[in-house]
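Dear colleague,

Please find below the structure that I am handing over to you. My findings follow directly after it, and I would be grateful if you read them with the structure open.

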Amino acid sequence: MRWLRCPYCGATNDREDRWCGRCGLQITLDIKGSLYKSFAYLLAAVIFYIPANVYPILQTSKFSNVEGSTIIGGVVELWGEGDYPVAIIIFVASVLIPFLKILVLFYLLFTIWRKRCKSLQQEMWLYHLIELTGPWSLIDVFVVVLLVALIHFQSIAIIPGIGASSFALMVFFTLMASYALDERILGEICARRDS
Amino acid sequence: MLRKDIILCPRCFTPHKKLPLAPKEEARCVRCQALLYRYRSGLEYLLLTLSTLSLLCLLIANVSPLLRINFGELSARTLLLEAILSLFDKGFVFISFFSLLVLEVFPWLLMGTLSLFSILVLLRRGKVIAKGSLILVEIFRRWSMLDIFFIAILVAMIKVYQYAQIHFGVAFWALGIFVLLEIYVVKSIRIEELWELWERRYEMA
């Protein structure tokens, strides 16, 4: 393609340009840099995904008796109590979205690495989907923040678990991985295939 | 070289020739139907109104109580900032610091920067500062997450409603209005539109 879209302001520049003529930021297409950075963030996210699901995300202390609850445990508990809509929200936001996001990011990185593009529309749809849904995994972290702040009595208190930090770090790294991945590379690879 | 006569589709990168539009008209990609650009008059006034209103809501959301819950005789209430900082004391520094950034720092900076941009654009002064503020807006809008926090409040309250009485404070409603305004500002007004506004206003000056 003869032109390059600025990822910051959307202006169209000549392909040879290093800096955007409108916002003045760097617009060069760094395929390797974007791929490596995104992969490194994704790997960090995968590492934190394990303790995030194994360790309790929050603990309930009732008369010095402490009970921990993992994300999946919380979903099962909510389902058992009949809070189906909340159980579904937590399951989708905290279990399904992070897992699918990691899978989709691996798929997109593989697509770029092997230069295999099935369809630009499909790849871009996946990219925008993870960008849009990614931050919503933080719901559970914010629930913990709120419950810890509100419920801290002598007889009963909510204490954050190790899983909460791991989960927040996992979401943070998946966000960084999707932001580090330059969507223009997908356009570039698919355009090469089309031509 | 900057090509003002050509626009690339943000979704499929198909090049299009840029044509002048009449008010309320919009141009869409021939390939994927994504919105390319549109003509919206009075955008600077709309932006100033919405961002100022958002700042006001954010101020109310920070100074008044967010929630109060009663567990029989026991009662507790929290402010937004108190809730965020409560995890610092428990040793959960990352969550607390991250929450402070995405729930306090970035929302304030986003709306503050947008207000500054709209004032500068209206006055046709400070071209470089207005440009810098737009670059910052692109960063802040990604990391402002009060909309997610608002849903998290509802989820948390559903979790405890069986055991406690819940009273929503003024801050909760202010936060709700802020979230609606932020969604409109961030999702409906695209960053490209703001850059075009910047170009238009300073070229005319």
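Two residues are taken to be in contact if their C-beta atoms, placed from the backbone, lie within 7 Å. Please also bear in mind that this is a predicted model.

**The surroundings of A34(B)**

By that criterion, and not counting residues up to four places away in sequence, A34(B) touches C9(B), P10(B), R11(B), R28(B) and C29(B). A34(B) itself sits in the loop between β3 (26-28) and β4 (35-38) of chain B. In sequence A34(B) and I191(B) are 157 residues apart, and in space their C-alpha atoms are 15 Å apart.

The strands β3(B) and β4(B) run antiparallel and are joined by three bridges. R28(B), one of the residues that A34(B) touches, has L35(B) as its bridge partner in β4(B).

**The sheet in chain A**

Chain A contains an open sheet of three strands in the order β4-β3-β5, with antiparallel pairing. Its edges are formed by β4 (65-69) and β5 (156-160) of chain A; each has a single partner strand, so one side of each is left without a neighbour in the sheet. Neighbouring strands of this sheet are turned by 20° against each other on average, direction ignored.

Strand β3 (residues 58-62) of chain A is joined to β4(A) by five bridges, and these two strands run antiparallel. One bridge pair here is Q59(A) with G68(A) in β4(A). β3(A) and β4(A) also form a hairpin with two residues between them, and F63(A) in the turn has a positive phi of about 50°. β3(A) pairs with β5(A) over five bridges too, in the antiparallel sense. In β5(A), I158(A) stands opposite T60(A), and I156(A) stands opposite K62(A).

**The sheet in chain B**

An open sheet of three strands is found in chain B as well, with the order β6-β5-β7 and antiparallel pairing. Here β6 and β7 (165-168) of chain B stand at the edges with a single partner strand each, so one side of each has no neighbour in the sheet. From one strand to the next the twist averages 15°. β5(B) and β6(B) run antiparallel and are joined by five bridges; R68(B) has R77(B) as its bridge partner in β6(B).

**The contact between the chains**

How many residues of chain B are in contact with chain A? There are 46 of them, and they meet 47 residues of chain A. Among the elements that give two or more residues to this side of chain B are β1 (6-8), β5 (67-71), β6 (74-78), α2 (80-89) and α3 (93-123) of chain B. α5(B) gives the most, with nine residues. By type, the residues on this side of chain B divide into 34 nonpolar, three polar and nine charged.

α4 (127-143) of chain B is also one of the contributing elements. At 1.5 Å a residue, the 17 residues of α4(B) should span 24 Å, which agrees with the 25 Å between its end C-alpha atoms. The buried residues of α4(B) are A130(B), S133(B), L134(B), V137(B) and F140(B).

In soluble globular proteins, nonpolar side chains tend to be buried together. The largest nonpolar core in this model has 106 residues, of which V145(A), L146(A) and L147(A) touch the most other members. Helix α5 (residues 139-150) of chain A gives the most to this core, with 11 residues. Leaving aside its neighbours within four places in sequence, L147(A) is in contact with L58(A), I158(A) and A156(B). A second, separate core has five residues, including I7(B), L8(B), C9(B) and L36(B). C9(B) is also one of the residues that A34(B) touches.

With kind regards

Notes: Residues numbered from 1 in each chain as written. Chains lettered and ligands numbered in written order. Predicted model: local features only at pLDDT ≥ 70, side-chain atom pairs only at ≥ 80, totals over all residues. Helix = DSSP H or I, 4+ residues; strand = E, 2+ residues; numbered from the N terminus. Nonpolar A, V, L, I, M, F, W, Y, C, P; charged D, E, K, R; others polar. Pairing = 2+ DSSP bridges. Axes fitted to C-alpha atoms, helices over the stretch in contact; angles between N-to-C directions. Expected span 1.5 Å × (residues − 1). Buried ≥ 20, exposed ≤ 12 C-beta atoms within 10 Å, placed from the backbone. Core = buried A, V, L, I, M, F, W, Y, C linked by C-beta atoms within 7 Å.
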